[in-house]
Amino acid sequence: MKKINVAIDGPAASGKSSISKNIADKLNFLYINTGLVYRSFAYLLKIHNYEINSSLVNKLKKHEIQLLKNEITLIDGKKEFENLRKEEIGILASKISSIIEIRKYAVKIQQKASSKGNVIMDGRDTTFRILPNAQVKIYLDSSSEIRANRRYLQLKGTKNESKYDDILKQIKTRDFRDKNREIDPLHISKDSIYIDSSNISIKEVEKIIYNLIKEAE
């Protein structure tokens with residue numbers, strides 16, 4: 001059986017992670033959330049008070065980041081999960097992701113993690129930069145309001161709970177930054193299949209992508 005790479009692209013909070021993870025579980029594929037690399041960078045920047053300047057990437061290279069199964073992220077051997085999912089870390093991750101040296105280093109970590117077996121990878125440059133030769137490429141989208149509401153419900157009741165209006169503002173800020181950055185701006189690659197999930201359920205989206213993968217096997 002040939003190795004299958006699946007790349008799922010799209011804006012923040014479009015459901016990429018949960019959908020990718022569910023499908024990976026069904027197919028016994030390795031799931032990789034590429035955004036965790038930038039979130040790891042942002043977390044390191046925050047806890048070590050690193051400045052955003054030309055020496056930042058060299059400081060980050062002193063730390064070890066590993067993307068493992070079940071979204072386990074090891075930063076210098078320590079497991080991190082909730083800290084990486086804070087909205088402030090997401091905003092900072094989006095900000096530093098516009099730095100070309102940072103992006104080049106992130107891609108190396110991401111491609112290394114995807115080098116073994118069948119992989120489903122999600123992130124905002126997977127279809128054209130990280131896995132350009134993936135057999136299945138998806139651009140998953142929905143309105144900013146729907147994405148904000150999904151994130152609001154996801155965080156409700158947790159220690160990272162935020163107001164809907166604040167989340168919507170953050171998502172719009174991230175969308176603008178991601179789509180207008182000079183290096184690898186968020187866009188729909190010509191060979192990606194566009195799916196708008198605004199008016200269909202997550203389960204329906206999963207079924208569509210699952211069938212596309214089975215066809216590619």
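Close-up 1. A pocket here is an open set of points on a 1 Å grid over the protein atoms alone, with protein on both sides within 12 Å along at least five of seven lines, and lining residues have an atom within 4 Å of a point; grid points are joined across faces, edges and corners, and a volume is the space filled by probe spheres set on the points. Of the 14 residues that line this pocket, Ile65, Gln66, Ile109, Lys112 and Ala113 lie nearest its centre. Strand E3 (65–67) and helix H5 (100–113) each supply at least two lining residues, and H5 gives the most, with 5. Helices (H or I, at least four residues) and strands (E, at least two) are DSSP runs, numbered from the N terminus. By class, the lining divides into 7 nonpolar, 3 polar and 4 charged residues, where Ala, Val, Leu, Ile, Met, Phe, Trp, Tyr, Cys and Pro count as nonpolar, Asp, Glu, Lys and Arg as charged, and the others, Gly among them, as polar.

**Close-up 2. The largest pocket.** About 890 Å³ of space lies in the largest pocket, and among the 39 residues that line it, Ser17, Asn33, Arg39, Arg151 and Gln154 are the closest to its centre. Two or more lining residues come from each of H1, helix H2 (35–48), helix H4 (87–96), helix H7 (144–155) and helix H8 (164–180). The lining comprises 8 nonpolar, 14 polar and 17 charged residues.

**Close-up 3. The largest cavity.** The structure holds 1 cavity of 30 Å³ or more, a cavity being a set of grid points where a 1.4 Å probe fits but cannot get out. The largest cavity, with about 30 Å³ of space, is lined by Tyr31, Ile32, Asn33, Leu36, Leu67, Leu68, Glu71, Ile72 and Thr73. Strand E2 gives the most to this lining, with 3 residues, and the classes are 6 nonpolar, 2 polar and 1 charged.

**Close-up 4. The parallel sheet and strand E1.** An open sheet of 5 strands runs in the order E2-E6-E1-E7-E8 with parallel pairing, two strands being paired if DSSP finds at least two bridges between them. Strand E2 (30–33) and strand E8 (193–196) stand at the edges with a single partner strand each, so one side of each is left without a neighbour in the sheet. Strand E1 (residues 5–9) pairs with strand E6 (residues 119–122) over 4 bridges; Asn5 has Val119 as its bridge partner there, and Ile8 stands opposite Asp122. E1 also pairs with E7 over 4 bridges, where Asp9 is partnered by Tyr139. Asn5, Ala7 and Asp9 point one way from E1 and Val6 and Ile8 the other, all of them buried, that is, under 20% relative accessible area with a 1.4 Å probe and protein chains only.

**Close-up 5. Helix H1 and Ile23.** Helix H1 (residues 16–27) lies across E1, E2, E6 and strand E7 (136–141), running at about 175° to E6; axes are lines fitted to C-alpha atoms, for helices over the stretch in contact, and angles run from 0 to 180 degrees between N-to-C directions. Ile23, placed in H1, is buried, with a relative accessible area of 1%. Not counting residues up to four places away in sequence, Ile23 touches Ile120, Glu206, Ile209, Tyr210 and Ile213, contact meaning heavy atoms within 4.5 Å. Ile23 and Ile209 are 186 residues apart in sequence and 8.1 Å apart in space, C-alpha to C-alpha.

Residues are numbered from 1 along each chain as its sequence is written, and side-chain values use heavy atoms, with hydrogens and water left out. In this predicted model, local features need pLDDT of at least 70 and side-chain atom pairs count only at pLDDT 80 or more, whereas totals for chains, interfaces and linings use all residues.

Technical notes: Buried < 20%, exposed > 50% of the residue type's maximum accessible area, 1.4 Å probe, protein only.
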